[in-house]
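Below is a short briefing on one protein chain.

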Amino acid sequence: MKTDLPVAPARVWDVLTGARHIEAWWGRHVALTQRAGGGVLIRADGSDRGRDIRGRVLRWSPPSALELALADEAWASQTRVNIRLESTGDGTRLLLDHVGWDGHDDTARHQIMVAWDRDWTSRLARLRAYITRTSDGGAAPAPQAVAS
């Protein structure tokens, strides 16, 4: 999936990975250690997933590439989230692929992929809205209630 953002890749990277911004677009239940080898934790938040999703940062290449390995205890294998940022001259194109679902049986794979596709679509829309709202100077706005 992809989304075009109206700011430079360095700004997108800051919002995408910065602890003070992640809550605004992804939710309070996400923690990311900002380095290759760092941890990722997506805490169960009452959604149908119901379990913590854990992983690690496989690639940390600011401001152009982030790769995460993710899995929960019920998954047959880890998945990978590949995020790439490309300058478009007047902004940034964010490309996201969530791959590695082959370890799941067909029914589970389809259900999980549909759920994650819906989740990433929502999160990227929130990322875009947040970046657009804060692009005047790069400062994070005062915290607001944000649905996770």
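Of the contacts (heavy atoms within 4.5 Å) in the chain with a separation of 6 or more, 45% are between residues 24 or more positions apart. The model is predicted: local features need pLDDT of at least 70, side-chain atom pairs count only at pLDDT 80 or more, and totals for chains, interfaces and linings use all residues. Residues are numbered from 1 along each chain as its sequence is written, and side-chain values use heavy atoms, with hydrogens and water left out.

**Elements and sheet**

- There are three helices and seven strands in the chain, taken as DSSP runs (H or I, at least four residues, for helices; E, at least two, for strands) and numbered from the N terminus.
- Their order from the N terminus is β-α-α-β-β-β-β-β-β-α.
- The seven strands form an open sheet in the order β1-β7-β6-β5-β4-β3-β2, with antiparallel pairing; two strands pair if DSSP finds at least two bridges between them.
- β1 (2-5) and β2 (30-32) are at the edges with a single partner strand each, so one side of each has no neighbour in the sheet.
- β4 and β5 (residues 65-71) pair over seven bridges in the antiparallel sense, and Val57 has Leu68 in β5 as its bridge partner.
- Helix α1 lies across β1, β2, β4, β5, β6 (79-87) and β7 (92-99), and runs at about 150° to β6; axes are lines fitted to C-alpha atoms, for helices over the stretch in contact, and angles run from 0 to 180 degrees between N-to-C directions.

**Burial and core**

- Buried residues (under 20% relative accessible area, 1.4 Å probe, protein chains only) make up 41% of the 148 residues.
- Beyond its neighbours within four places in sequence, Leu127 contacts Leu5, Val15, Leu16, Trp25 and Leu94.

**Aromatic pairs**

- Four aromatic pairs are counted; rings of Phe, Tyr and Trp (its six-membered ring) pair if their centres lie within 6.5 Å, and planes under 30 degrees apart count as stacked, over 60 as edge-to-face and the rest as tilted.
- The ring centres of Trp13 and Trp60 are 4.9 Å apart and the planes stand at 70°, so this pair is edge-to-face.
- Trp13 is in helix α1 (residues 9-17) and Trp60 in strand β4 (residues 53-61), so the pair ties together parts 47 residues apart in sequence.
- Trp13 counts as buried, at 8% relative accessibility.
- Trp25, Trp26, Trp116 and Trp120 are linked into a cluster by ring pairs.

Definitions and conventions. Buried means under 20% relative accessible area, exposed over 50%, partly exposed in between (1.4 Å probe, protein chains only).
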